[in-house]
Amino acid sequence: MEAALADIVKWIGLSLGADLEWPIFFEDILERLNLRIRRGGDTLSFAVERVTIEPFDLAQPVKYDVLLDRLTHWYGTSREWIKKAVVHDDLYVFNNPFTIQSMEKHTSYAAMMRLGLPVPATVLVPPKDYEPAPDLQVTLGQYARFFDLGEIGRKVGYPLFMKPYDGGAWRGVTRINDEEALHQAYDQSAKQIMHLQQAIEPFDLFVRALAVGPQVNVIRYDPGAPLHDRYKVEFDFVDAEEWRLLSDMVLTINSFFGWDFNSCEAMRRNGVFHPIDFANACPDSQVTSIHYHLPWLVKAKLRWALFVAGTGRKMRHNPDWAPYFEIAATDLAYREKLAGYASIARHSFETDDFLDFCDTNLADLDEIAWEYFATPRAREAVRRKVAVLFPPHEVEQFTEHFWGLIQFWRTTERDRLDLAAQAQVSTHALKP
Ligand SMILES: Nc1ncnc2c1ncn2[C@@H]1O[C@H](COP(=O)(O)OP(=O)(O)OP(=O)(O)O)[C@@H](O)[C@H]1O
Ligand SMILES: [Mg+2]
């Protein structure tokens, strides 16, 4: 007997904290897409819902096929719900909370050093102070070695950066010029476990490579600019090979750790891109930081969430590092090794199937998003976000500023879409 054809709703969950505008964009564009996808005889449609915080029974099933998580790097209740949903209910979540929790900045440095990526030399030092604990004095008395901080500083070399081993949000980051400043910063670091890291200076380019599944966008970044102006709207700041290298780098990192959404900060010195921070559980997604680049990100998140939910992609529970380490142990040059890692990564992100899925099912997405980002509703979401972060007398001015950048995105996007359409017409014209 043949199985009956079914109409199936795939649920996308959003686990959110302070995110305001991109979830509205995500939900609105999904609604406008009004997708119905045929798969194996069934018809799939998609619905999105925001996850609420409430008591949960560990054995209670979850309704979601995929979850986008923006909360659990600091909010324990949701993190434990997600972890239980992964082990108990096979939920696909980006990002995998297990690898985010256990492989923060420090581990990511060590792993990528082993793969041969030019991570700056980094030393971890035990903290200056401790929370009192019953066994603390016994343990330190027996095992903590006195160390010469000045000597470590000289070995790493000045200037250097002192920053928490598990950092984020620029907390506790200090640029240090000499030994006196090093001692001072260490004394102030209190109970934090710190890295001392060689500075990549002088650098001539700073980028953030943002990736969602197999999709990558490389954005120029200026760490010295005011917060709203750090992500730049610039083009052609890297050549094609550099773009490829940065894509290979971030995809390698993400597939190695099992992260679907992450950004890799890299600084170029003497033609070499040094990755300096690439364990970001919750990359910037606010219009007030990424403005012009936000429509790209919303579309990238939509495409990847729809692909995961629509194809039933399984989350990899355990990373498999052996294939990377095999390449790392060969005599290949760095660039060849990186290409090898990236090819594992592209395979693990099912890049070909993903592109097919988008061609077949999401052909309208670009035009729908282009129209949507001109609507009063989208502008109002931008204004609400600005109103949360800026003083009342600056709200109008900065709403216009960020909205203006989104409108500039629409101009460049229109050119891109028109060129792509023309290219398609001319390819078709060549066909017999
Ligand atoms: N090794 C380095 N060489 C040069 N600059 C560095 C280095 N490490 C950190 N910095 C500078 O300090 C900033 C913050 O460092 P880092 O990104 O590691 O910390 P973070 O807390 O993760 O910050 P964020 O949340 O902004 O990513 C970087 O954006 C960069 O400008
Ligand atoms: Mg950083």
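Predicted model: local features only at pLDDT ≥ 70, side-chain atom pairs only at ≥ 80, totals over all residues.

Visitor: Ligand 1, then. How many residues surround it?

Guide: The shell around ligand 1 has 19 residues, and the closest are Phe161, Gly167, Ile200, Pro223 and Asp277.

Visitor: Which elements give two or more residues to that shell?

Guide: Four strands do: E7 (160-164), E9 (194-198), E12 (261-269) and E13 (272-277). Domain 2 (121-198) and domain 3 (205-377) each supply at least three residues to the shell.

Visitor: How do the shell residues divide into nonpolar, polar and charged?

Guide: There are 10 nonpolar, 4 polar and 5 charged residues around ligand 1.

Visitor: Switching to helix H15. Which of its residues are buried?

Guide: Ala378, Val382, Lys385 and Val386 are buried in H15. They are on the same side of H15, because they cover an arc of only 100° around the axis.

Visitor: And what does the face turned away from the buried side carry?

Guide: That face of H15 has the exposed residues Pro376, Arg377 and Val388.

Visitor: Last one, Met315. Where is its place?

Guide: Met315 sits in the loop between helix H10 (294-311) and helix H11 (322-328).

Visitor: Why does it count as partly exposed?

Guide: Met315 has 17 C-beta neighbours inside 10 Å, and a residue needs 20 or more to be buried, or 12 or fewer to be exposed.

Visitor: What is it in contact with, leaving aside neighbours within four places in sequence?

Guide: Met315 contacts Val86, Tyr92, Val93 and Asn96. Tyr92 is 223 residues away from Met315 in sequence, yet their C-alpha atoms are 5.2 Å apart.

Terms used
Residues numbered from 1 in each chain as written. Chains lettered and ligands numbered in written order. Arc of directions from axis to C-beta. Near = placed C-beta within 6 Å. Nonpolar A, V, L, I, M, F, W, Y, C, P; charged D, E, K, R; others polar. Domains from an automatic or database assignment. Contact = placed C-beta atoms within 7 Å.
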